[in-house]
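Welcome! Take a moment with the sequence and the 3D view before we talk them through.

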Amino acid sequence: MNEQTKVKHLHFYGASDDLLECEGAIREEIGCYNSPGIYHLKSAEGEMQVVGYYLDSGLWSIGISQVAEDTPLPAWPVTYAMHERGYSVQLTITVPDDTILVLPEEEE
C-alpha cells in the first residue's frame, strides 16, 4: 500500500468458545465450534486468510495464512494485542479500502 491508498482497519478476535468475530470497517461473525474459523480477505492488492481456533486451554489462537500454495501474502500491516476479553488475542490488519470478506458459500 502506498501513502495515497485509502485503508481500513479490521479487528479479529474470538468470543465465547465458538464465534470468530470481525469488527471495524467490516462486521461479521462466524460460528466455529470444534473447527477453525476462517475469514478470506480479498483485494486488488492480494488476498489472505485469517484463521482462528478455540484451544482446549480456553484461549483463542488467531493468525494468518496464504490462500493457496505459492500465493504470496500481501504486505498489509498486522498487529496483535490482548482483546478486552482476556481469553482472546486480537489481530488487527490494515487493509486497502477495496478489501472484502469472501464467505465460504461465495468461494469458487
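Reader: Hello! What kind of model is this, and how are its residues numbered?

Author: This is a predicted model, in which local features need pLDDT of at least 70 and side-chain atom pairs count only at pLDDT 80 or more, while totals for chains, interfaces and linings use all residues. Side-chain values use heavy atoms, leaving out hydrogens and water, and residues are numbered along each chain, as its sequence is written, from 1.

Reader: Thanks! How many helices and strands does the protein have?

Author: Helices (H or I, at least four residues) and strands (E, at least two) are DSSP runs numbered from the N terminus. Read from that end, the elements go β-β-β-β-β-β-β-β-β. The count is therefore 0 helices and 9 strands.

Reader: What is the radius of gyration of the protein?

Author: The C-alpha atoms fill a box of roughly 40 × 30 × 25 Å along the principal axes. The radius of gyration is taken over C-alpha atoms, and the globule rule is 2.2 Å times the number of residues to the power 0.38. For 108 residues that rule gives 13 Å, and the protein is as compact as a globular protein of that length because its own value is close to this, at 14 Å.

Reader: What is the strand order in the open sheet of 4 strands?

Author: Two strands pair if DSSP finds at least two bridges between them. Strand S6 (60–65) and strand S9 (100–102) stand at the edges with a single partner strand each, so one side of each has no neighbour in the sheet. Strand S4 (residues 37–43) is joined to S9 by 3 bridges, and the two run antiparallel. With antiparallel pairing, the order is S6-S5-S4-S9.

Reader: Which residue in S9 is the bridge partner of His40?

Author: Strands of a sheet pair through backbone hydrogen bonds, either parallel or antiparallel. S4 and S9 run antiparallel. Within S9, the partner of His40 is Val102.

Reader: And what order do the strands take in the open sheet of 5 strands?

Author: Strand S2 (residues 19–24) and S3 run antiparallel and are joined by 4 bridges; in S3, Leu19 has Gly31 as its bridge partner. The edge strands, each pairing on one side only, are strand S3 (28–31) and strand S7 (78–82). Pairing in this sheet is antiparallel, and the order is S3-S2-S1-S8-S7.

Reader: Is Ile30 buried or exposed?

Author: Ile30 is found in strand S3. Leaving out residues up to four places away in sequence, Ile30 touches Asp18, Leu19, Leu20, Gly37, Ile38 and Tyr39, where contact means heavy atoms within 4.5 Å. Buried means under 20% relative accessible area, exposed over 50%, and partly exposed in between (1.4 Å probe, protein chains only). At 16%, Ile30 is therefore buried.

Reader: With which side chain does the side chain of Ser43 make a polar contact?

Author: Ser43 is found in strand S4 and is buried, with a relative accessible area of 12%. A polar contact is a pair of N or O atoms within 3.5 Å; within protein, one must be able to donate a hydrogen and the other to accept it, and residues adjacent in sequence count only if both atoms are side-chain atoms. The side chain of Ser43 reaches the backbone nitrogen of Glu45 at 3.0 Å. Its side-chain partner, at 2.7 Å, is Asp98.
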